[in-house]
Amino acid sequence: KRFFLSAFYHLGDSHLVYNMISLLWKGIQLETSMGSAEFASMVAALLTMSQGITLILAKSLLLFFDYKKAYYSEYAVGFSGVLFAMKVVLNSHSENYTYVHGLVVPERYAAWAELLLIQMFVPGVSFLGHLGGILAGILYLRLKGGYSGSDPLTVLFKGLAGALSWPVKLIRKF
């Protein structure tokens, strides 16, 4: 339950609004550049990878550092991990500079700078959730670089879109 649903829970209205504005900003740019099916495929992959990496990181802390209380039993909610992953994908080939909370940094390192600044100035946010998102974005780019053409998940989303639009096309003929 936690693996699949925690990204869709938010701590309050401001948390939800901030995440949705960030999704809108990044989503428009990414979907415009890659198309709807590939964008949907990417979001599904980043969601799965960021949640999985966060869980592995939390379990690793317990195994390797013998914490008294398991980190994975702490709460980590929201879409921020996916948003950090999207930021990595969006800025991966950029040579530009950007402002991250007042600091000028190369865009390709903006997610890392934001991770560090958020941890320093906003107590209680999920370091592992955000780190898991950054690592998921890097992994996604590495895996995508290994494919020539569309990845299997994109092909699946295009097939689903075609199957769902079939009744509409049939009705329009009549």
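A: A residue is called buried when its relative accessible area is under 20%, exposed when it is over 50%, and partly exposed in between (1.4 Å probe, protein chains only). By that criterion, buried residues make up 36% of the 174 residues in the chain. This is a predicted model, in which local features need pLDDT of at least 70 and side-chain atom pairs count only at pLDDT 80 or more, while totals for chains, interfaces and linings use all residues. Residues are numbered from 1 along each chain as its sequence is written, and side-chain values use heavy atoms, with hydrogens and water left out.

Q: How many helices and strands does the chain have?

A: Helices (H or I, at least four residues) and strands (E, at least two) are DSSP runs, numbered from the N terminus. Here there are seven helices and two strands, in the order α-α-α-α-β-β-α-α-α along the sequence.

Q: How do strand 1 and strand 2 run?

A: Two strands pair if DSSP finds at least two bridges between them. Strand 1 and strand 2 (residues 103–106) run antiparallel and are joined by four bridges. T98 stands opposite V105 in strand 2. Two residues lie between the strands of this hairpin, in which H101 takes a positive phi near 50 degrees.

Q: Which residues have the most contacts inside the largest nonpolar core?

A: A nonpolar core is a set of buried Ala, Val, Leu, Ile, Met, Phe, Trp, Tyr and Cys residues joined through side-chain atoms within 4.5 Å. The largest one has 19 residues, and L30, F39, M42, L46, F79, M86 and Y140 have the most contacts inside it. Helix 2, helix 3 (36–65), helix 4 and helix 6 (127–145) each give two or more residues to this core, with helix 3 giving the most, eight residues. Another core, of seven residues, lies apart from it and includes F84, A111, L115 and L131.

Q: What does L46 touch?

A: Contact means heavy atoms within 4.5 Å. Leaving aside residues up to four places away in sequence, L46 touches V82, A85, M86, V89, A136, G137 and Y140.

Q: How far apart in sequence are the residues that contacts join?

A: Among contacts between residues at least 6 apart in sequence, 69% join residues at least 24 apart.
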